[in-house]
Amino acid sequence: MNSIKINIVANFTGSIWQAFMGLVFIPLYIKFMGVESYGLIGFFATLQALLVILDMGLSATLTREMARLSVLSGREQEMRNLVRSIEVIYWCVAVLIGMIIMTTSPFIAHHWVKAEQFPPQTIEQATRIMGLAMALQWPASFYSGGLTGLQKQVVLNIINICMSTLRGAGAALILWLVSPTIQAFFSWQIIISIVNISLLSFFLWRRLPRAEKRATFQQQLLMDIWRFAAGMSGISVSATILTQLDKIILSKMLTLEMFGYYTLAGVFTMSLYRLIGPVFSAIFPRFTQLVSLASQDGLKQLYHASCQLVSVLILPVSVIIAMFSYEIMLIWTQNQITAENSHTLVSILICGTALNGLMNIPYGLQLAYGWTRLALSANLIAIILLSPMIVFMTLQYGAVGAASVWVILNIGYVFISIHFMHRRLLPLEKWSWYWNDVSLPLIASILISGLGRIVIDGHISQFITIIYLIIISISTLAITAISTKTTRVWFLNKLSKLKLAYSD
């Protein structure tokens, strides 16, 4: 358990810092380059998300296999050979990505992106640089997955903190001191990606157990994991379609400026995963080990503890953001027009993202058992039912309509997928998940933040608004933490230790 706590703390530190670095510089990017240029950055992020399809489930597979093999003796050579085999595939895909983006750049510039300020030649040039940047960023998830499976997450987060700082601050300095252009922005991304990949590769190979022979590509090892990898690939493809279809439609239908506002809202709300990812990354390898050791009691205890922790982390934040979206966006961007165009989208998207976040720990349990069929089936059914709805809602109501579908999708996951999961895994724990792990912290969050929303006066100064939001946020988080057994016990234990230390 100590290693899990250390990894969670390391993951939180890295994740929060990366979120801070990502968010703090966005207003500067918009100031230096304009909203249209930021729309291109949003298009870049959408392409990256779509290209997850080419991952073929290999990064998650590597995480699971490293965790599983690490508790088995005599598998050192197999671990190194597996890393080498998947590494070769990843770099081949990276080359393919770069070639595809560069080849299609004329089509993107002339027939897809609708720019009012930039000529097609500028967008075409930026897209080519974008393709090289994406190719060099692509293998990062592979190396990160390997370090996560080995539970070397402290090292991973040190690298991530350093790289996110250089990526964000460096880009702002380049735009300020060198050239306020989208080409300069993506050129800096290329430089940072080269450094990042080099460090991740070096430390992954250093942390692998030593073996007698040199690591080699072995097709048989890939054949042994193909079933799980295929399931993960299907989940990745379907999830990518579900989460990116709205952005694809909007990038075609809206002006680049309006797409920039939607991207801004999406980037802000998706930062919620910075709170979820650290817990998932620490818990998933341990789930896998407990499944391998057939420890049902330990698995059940860890499952509820981690679900409650995730609820306490994301529900107060999500409810506060949903209820105070205009004030938060105005404070963040310092631009009233930007806040007015994006705050409704933020309120809607954060609700869907919070519901999606609640599914992460149950999803990790499924993967620990090597069960990918449920998640894949749920995603495929959702695509069939909701894809026409996304198109219709976007055509009728624009960005707000597309955002609403994200909420509908995740309501279905919470009420349907959880039911079917607990019919097979931990069958006696379903209602405990719904009530103790989710409903109690949700009710607490809504009650406290709702009271805060009623009391606030819309005419107060921005400084007073910040103080007020801090007070409401702390109050909501505290009451929500008390509502769950895991965080309540943790808090009381810490309080007891403080009393003992004070009495001594």
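Predicted model: local features only at pLDDT ≥ 70, side-chain atom pairs only at ≥ 80, totals over all residues.
The protein chain holds 21 helices and 0 strands. Along its principal axes, the C-alpha trace spans about 60 × 60 × 50 Å. A compact globule of 504 residues would have a radius of gyration near 23 Å, and the chain agrees with this because its own value is 23 Å. Of the contacts between residues at least 6 apart in sequence, 85% join residues at least 24 apart. Buried residues account for 54% of the 504 in the chain. The chain exposes about 23100 Å², and 68% of that area is supplied by carbon and sulfur atoms.

The largest nonpolar core has 146 residues, and the members that touch the most other members are Met66, Ile86, Phe185, Phe287, Tyr303, Ile314 and Trp433.

Val346 lies in helix α15, which runs over residues 336-358. Val346 counts as buried because its relative accessible area is 0%, and the cut-off is under 20%. Beyond residues up to four places away in sequence, the contacts of Val346 are Ala265, Phe268, Thr269, Ile321, Ser325 and Met329. Ser187 lies 159 residues from Val346 in sequence, and the two C-alpha atoms are 30 Å apart in space. Asn379 is in helix α17, residues 373-397. Its side chain is of another kind, yet Asn379 is also buried, with a relative accessible area of 6%. With residues up to four places away in sequence set aside, Asn379 touches Ile235, Ser238, Ala239, Leu242 and Tyr413.

The count of salt bridges comes to 3. In one of them, Arg84 pairs with Glu87, and the closest N and O atoms are 2.5 Å apart. Both residues belong to helix α5 (residues 76-112), where they sit 3 residues apart, about one turn of the helix. Arg84 is partly exposed at 26% relative accessibility, whereas Glu87 is buried at 7%. Another bridge joins the side chains of Arg128 and Glu124, at 2.5 Å from N to O. Arg128 is partly exposed at 37%, and Glu124 is buried at 13%.

The remaining bridge is between Glu327 and Arg453, with 3.1 Å between the closest N and O atoms. This pair links distant parts of the chain: Glu327 is in helix α14 (residues 325-333) and Arg453 in helix α19 (residues 430-455), 126 residues apart. Glu327 is buried, with a relative accessible area of 16%, and Arg453 is partly exposed, at 27%.

Last comes the surface. Phe463, Ile464, Ile466, Ile467, Ile470, Ile471 and Ile474 form a nonpolar patch there, with about 650 Å² of accessible area together. Phe463 lies in helix α20, residues 462-483. Phe463 counts as exposed because its relative accessibility is 60%, and the cut-off is over 50%.

Key. Residues numbered from 1 in each chain as written. Heavy atoms only, no water. Patch = residues over 30% accessible without salt bridge, like charges linked within 9 Å, V, L, I, M, F, W, Y side chains within 5 Å. Areas by Shrake-Rupley, 256 points an atom, 1.4 Å probe, with all protein chains shown as cover. Salt bridge = Lys/Arg side-chain N within 4 Å of Asp/Glu carboxyl O. Helix = DSSP H or I, 4+ residues; strand = E, 2+ residues; numbered from the N terminus. Buried < 20%, exposed > 50% of the residue type's maximum accessible area, 1.4 Å probe, protein only. Rg over C-alpha atoms; globule rule 2.2 N^0.38 Å. Contact = heavy atoms within 4.5 Å. Core = buried A, V, L, I, M, F, W, Y, C linked by side-chain atoms within 4.5 Å.
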